[in-house]
Amino acid sequence: MEIVEILLSASFWAAAIRIASPLIFAAMGELICERAGVLNLGIEGIMVTGAFAGWMAVYAGTGLWAGVGVALLAGMTFGLLHSVLTVPFGLSQHVVGLGITLLATSATYYAYRLALPEVTSPPKIEAFQPWPVPGLSEIPILGEALFTQTPLTYAAFATAALVALVLFRTPLGLAVRAAGENPAAVAAQGLSVTVLRMGAVIVGSGLMAVGGAFLTMSAFDSFFFEMVNGRGWICIALVVFGAWKPGKTLLGAILFAAFDALQIRLQQTPLGADIPYQVFLMAPYILSILALVVMSRRAQVPAALMVPFNRGER
């Protein structure tokens, strides 16, 4: 009965949407990379860098949206490095991705200590505040859940819609998808597979960084290194869960966030007094793994994912 009451409350779904927002940004970024044929395992580190870059920019005196722009550029910079190493040079996408995660995380730690050498606790900024949509926010349950969020949450859903539109309704999206399915056919049409793949990784990495920036500029108002907490790896799983389709990936992010929001609330019920809290913490991941196993059996992986392409080779 308590679970039913939780699931029917507007505050629960508002929390789920809020938790899902950074996952949506980052998962859309990973989806763009993989659709073009590149697995980006640098996502975890890029999210950490985006979280720090956006927060630090605002702390230094820029506006909130300027901070988002700084995070975007920071992520695109690491995306450029990743794409140069994996696309024209053809290095292992697994090794490069993990290297990017380690580099981005270490560089962020160094930059933090360099900028704030004597700070014991992270300073706070004035983060994005909830912005109720006039009229829509007054709809029972749905209004509070969807239309009383911060502007970055609305931007996350708009990003998912834009990614779906571009990938499946434009010539550019067709070329990007073809680069991940049949790059030889793309080259035969006179298009550059290298440019398409590098562009996809750079743009995708920028979105990952914005997902990290959401944590410091919308969910919280300060930066700490553990805040990403594996969300990048979850986003890679969400892309597989969504069968490399933006709509399903979006639903997967909301589903995982709902599991996470549910476990937080269950800990505060009488049930939480009888069961160790670690069980609740691992529940969203267990349920996500089960859902991933079921969905991935029918998923069709991009045929050229992680396959380097050199023009002229067969």
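How many salt bridges does the count come to? The count comes to 1 salt bridge, where a salt bridge is a side-chain nitrogen of Lys or Arg within 4 Å of a carboxyl oxygen of Asp or Glu.

Before selecting anything, note that this is a predicted model, in which local features need pLDDT of at least 70, side-chain atom pairs count only at pLDDT 80 or more, and totals for chains, interfaces and linings use all residues. Residues are numbered from 1 along each chain as its sequence is written, and side-chain values use heavy atoms, with hydrogens and water left out.

**Stop 1: the salt bridge**

Select aspartate 221 and lysine 124, whose side chains meet in a salt bridge at 3.6 Å, N to O. The pair links distant parts of the chain, 97 residues apart. Aspartate 221 sits in the loop between helix 10 and helix 11 (231-241), and lysine 124 in the loop between helix 5 (93-115) and helix 6 (142-146). Helices here are DSSP runs (H or I, at least four residues), numbered from the N terminus. Aspartate 221 is partly exposed, with a relative accessible area of 26%, whereas lysine 124 is exposed at 60%. Buried means under 20% relative accessible area, exposed over 50%, and partly exposed in between (1.4 Å probe, protein chains only).

**Stop 2**

Show helix 4 (residues 64-86) with helix 10 (residues 193-219): their axes come within 7 Å and cross at roughly 140°. That makes helix 4 oblique to helix 10. Axes are lines fitted to C-alpha atoms, for helices over the stretch in contact, and angles run from 0 to 180 degrees between N-to-C directions. Angles under 35 degrees count as roughly parallel, over 145 as roughly antiparallel, 65 to 115 as roughly perpendicular, and the rest as oblique. Helix 4 passes helix 10 in a right-handed crossing. A crossing is left-handed if the near helix is turned anticlockwise from the far one by less than a right angle, and right-handed if clockwise.

Next, pick helix 2 (residues 10-35) and helix 12, with axes that come within 7 Å and cross at roughly 140°. Helix 2 is thus oblique to helix 12, and the crossing is right-handed.

**Stop 3: two positive phi values**

Go to tryptophan 244, in the loop between helix 11 and helix 12 (246-266). Its phi is near 60°, a positive value in a residue other than glycine. Tryptophan 244 is buried, at 3% relative accessible area.

Then select methionine 306 in the segment after helix 14. Phi of methionine 306 is near 70°, again positive in a residue other than glycine. Methionine 306 is partly exposed, at 34% relative accessible area.

**Stop 4: cysteine 235**

Is cysteine 235 buried or exposed? Cysteine 235, in helix 11, counts as buried at 0% relative accessibility. Draw a distance to leucine 142: the C-alpha atoms are 25 Å apart, and the residues are 93 apart in sequence.

**Stop 5: a nonpolar patch**

Finish with Val279, Met282, Ile286, Leu287 and Leu290, which make a nonpolar surface patch of about 410 Å². Patches are made of residues with over 30% relative accessible area and no salt bridge, like charges being joined within 9 Å and nonpolar side chains (Val, Leu, Ile, Met, Phe, Trp, Tyr) within 5 Å. Accessible areas come from the Shrake-Rupley method with a 1.4 Å probe, and for residues only the protein chains shown count as cover.
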